[in-house]
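Here is a quick tour of one protein chain, from the whole fold down to a few side chains. Have a look at the model first.

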Amino acid sequence: MVNLVGTYECKVDAKGRLMVPAPLKKQLVPMLQDGFVLKRSVYEPCLELYPLKEWDAVMRDMDSRLNTFLKSHRALLRKFTAGAKTIEVDTNGRLLIPKDLVEFAGIDKEIVLASSMNFIEIWDKDKYETTLEDSVDDFAALAEEIMGNKKENGLS
């Protein structure tokens with residue numbers, strides 16, 4: 001599993017292209033040849049960029065859990081993969097965000113690339129800052145609820 005690190009601010013041009021910041025690109029070098037999957041987030045107005053091998057692992061996990069003969073399972077799969085597209089970083093180190101995904105995430109010019117373990121969230125900068133501000137009060141309670149009992153969660 002990949003463990004990507006860092007939060008980076010950059011700009012998107014009028015065509016939806018962004019220059020991948022050098023520290024992030026360095027982490028992505030082993031994955032550049034395989035490409036990536038870019039999709040809508042299910043939870044927030046942002047995008048999720050998965051290295052192709054990580055996306056394949058997520059899809060294998062979903063396949064092991066879902067029964068596509070059940071309507072609710074198909075609905076979950078449809079929502080999760082909505083807008084998903086394969087993309088590549090070009091020879092100039094740029095990534096093109098398709099127009100429909102730019103519109104979904106409300107991306108203007110300034111964006112934030114936020115590593116989230118094995119994928120990268122792509123946010124409009126203002127929406128990212130608002131989300132962080134809105135979740136400040138909830139963070140301590142959430143951390144305690146999820147990570148508070150290490151033994152119960154199998155953590156040491």
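What follows goes from the overall layout to one serine, an aromatic group and a surface patch.

This is a predicted model, where local features need pLDDT of at least 70, side-chain atom pairs count only at pLDDT 80 or more, and totals for chains, interfaces and linings use all residues. Residues are numbered from 1 along each chain as its sequence is written, and side-chain values use heavy atoms, leaving out hydrogens and water.

Let's start with the fold. The chain has six helices and eight strands; these are DSSP runs numbered from the N terminus, with helices being H or I of at least four residues and strands E of at least two. Read from the N terminus, the order is β-β-α-β-β-α-α-β-β-α-β-β-α-α. The C-alpha trace spans about 45 × 40 × 30 Å along its principal axes. Of contacts (heavy atoms within 4.5 Å) between residues at least 6 apart in sequence, 58% join residues at least 24 apart.

Of the 156 residues, 34% are buried. Buried means under 20% relative accessible area, exposed means over 50%, and partly exposed is in between, using a 1.4 Å probe and protein chains only.

| Residue | Relative accessibility | Class |
|---|---|---|
| S41 | 5% | buried |
| W55 | 9% | buried |
| F80 | 15% | buried |
| I146 | 45% | partly exposed |

Now for S41, which sits in the loop between strand 3 (36-40) and strand 4 (47-51). Its side chain reaches the backbone nitrogen of E44 at 3.2 Å. The S41 side chain also makes a polar contact with the side chain of E48 at 3.4 Å; a polar contact is a pair of N or O atoms within 3.5 Å, where within protein one must be able to donate a hydrogen and the other to accept it, and residues adjacent in sequence count only if both atoms are side-chain atoms. Leaving aside neighbours within four places in sequence, S41 touches C46, L47, E48 and F104.

On to the rings. There are four aromatic pairs, with ring centres within 6.5 Å (for Trp, the six-membered ring) and planes under 30 degrees apart counted as stacked, over 60 as edge-to-face and the rest as tilted. W55 and F80 are stacked because their ring centres are 5.8 Å apart and their planes lie at 5 degrees. This pair links distant parts of the chain, with W55 in helix 2 (residues 52-65) and F80 in helix 3 (residues 71-81), 25 residues apart. Y50, W55, F80 and F119 form one aromatic cluster.

Finally, I146 belongs to helix 6 (residues 136-147).
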